[in-house]
Amino acid sequence: EEMDQETLRDFVSDIGEEADRLTRITEHLLSLTRLDSLPVGATQVVDLAAVARRALSMLAPVADAAQVTVETSLRSGCTLRCTEDDLYQICFNLMENAIKYNLPGGKVFVSVCRDGDQVLLEVADTGIGIPKDSQKKIFERFYKTDLSRGKDKKGTGLGLAIVKEIIQAHGENIDVVSTEGVGTEFIFSLPKATAL
């Protein structure tokens with residue numbers, strides 16, 4: 001009762017942020033549990049460019065708040081056989097990281113294109129980069145690099161683990177190229193699919 005209003009606001013803000021963090025962890029753990037215990041769901045032919053656009057529209061306010069510009073090259077006709085939810089998780093997590101671990105005034109580049117019989121998604125940024133000794137560990141559950149542990153970085157250490165498990169469930173891999181202080185690029189591909 002004797003607490004001043006500013007201290008009270010700080011407490012309420014801290015409680016809200018902690019509740020958000022726990023919600024994110026719970027959602028990510030549920031996604032991982034689903035991936036661990038269930039086979040890949042019923043797949044369908046999905047337009048990767050459309051899914052990427054949807055993820056980007058959800059992340060636009062995050063990019064604006066971080067003062068990060070997103071540039072895209074999203075080719076039409078890049079369809080693949082996947083579950084739309086899984087594809088959205090991949091796009092959203094990769095793009096969110098590219099924004100979150102960037103710098104004010106930085107850029108994110110998102111590309112969807114065809115390479116022969118493959119459809120490629122590339123997400124690159126001009127951010128803080130990933131130290132060389134961490135690049136093989138970033139897909140482990142709960143792993144966070146020292147550079148990503150800053151107070152304003154509210155990740156759970158599960159997003160990239162989810163991305164990798166989804167991609168591996170489809171029999172593919174994801175590649176990462178990163179230079180500390182320069183930026184990071186993630187690339188993955190799935191076979192092109194045509195409607196039945």
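Accessible areas are calculated by the Shrake-Rupley method with a 1.4 Å probe, and for residues only the protein chains shown count as cover. The model is predicted: local features need pLDDT of at least 70 and side-chain atom pairs count only at pLDDT 80 or more, whereas totals for chains, interfaces and linings use all residues. Residues are numbered from 1 along each chain as its sequence is written, and side-chain values use heavy atoms, with hydrogens and water left out.

**View 1. The whole chain.** The chain exposes about 11,100 Å², of which carbon and sulfur atoms supply 52%. Four helices and seven strands make up its elements, in the order α-β-α-β-β-α-β-β-α-β-β from the N terminus on. Helices (H or I, at least four residues) and strands (E, at least two) are DSSP runs, numbered from the N terminus. Of the 196 residues, 42% count as buried; buried means under 20% relative accessible area, exposed over 50%, and partly exposed in between (1.4 Å probe, protein chains only). Among contacts with a separation of 6 or more, 74% join residues 24 or more positions apart, a contact being heavy atoms within 4.5 Å.

View 2. Asp4, Glu6, Asp10 and Asp14 form a negative surface patch. Patches consist of residues with over 30% relative accessible area and no salt bridge, like charges being joined within 9 Å and nonpolar side chains (Val, Leu, Ile, Met, Phe, Trp, Tyr) within 5 Å. A salt bridge is a side-chain nitrogen of Lys or Arg within 4 Å of a carboxyl oxygen of Asp or Glu. Lys and Arg count as positive and Asp and Glu as negative, without His and the chain ends; the charge is placed at NZ of Lys, CZ of Arg, CG of Asp or CD of Glu. Glu6 lies in helix H1 (residues 5-37) and counts as exposed because its relative accessibility is 53%.

View 3. Met3, Leu8, Phe11, Val12 and Ile15 form a nonpolar surface patch with about 470 Å² of accessible area together. Phe11 belongs to helix H1 and, at 44% relative accessibility, counts as partly exposed.

**View 4. Surroundings of Val110.** Val110, in strand E4 (residues 107-115), counts as buried because its relative accessibility is 1%. Beyond its neighbours within four places in sequence, Val110 has contacts that include Leu56, Val70, Leu74, Met95 and Leu121.

**View 5. Loop residue Gln67.** Gln67 sits in the loop between helix H2 (48-66) and strand E2 (69-74). Its phi is near 60 degrees, a positive value in a residue other than glycine. Gln67 is exposed, with a relative accessible area of 53%.
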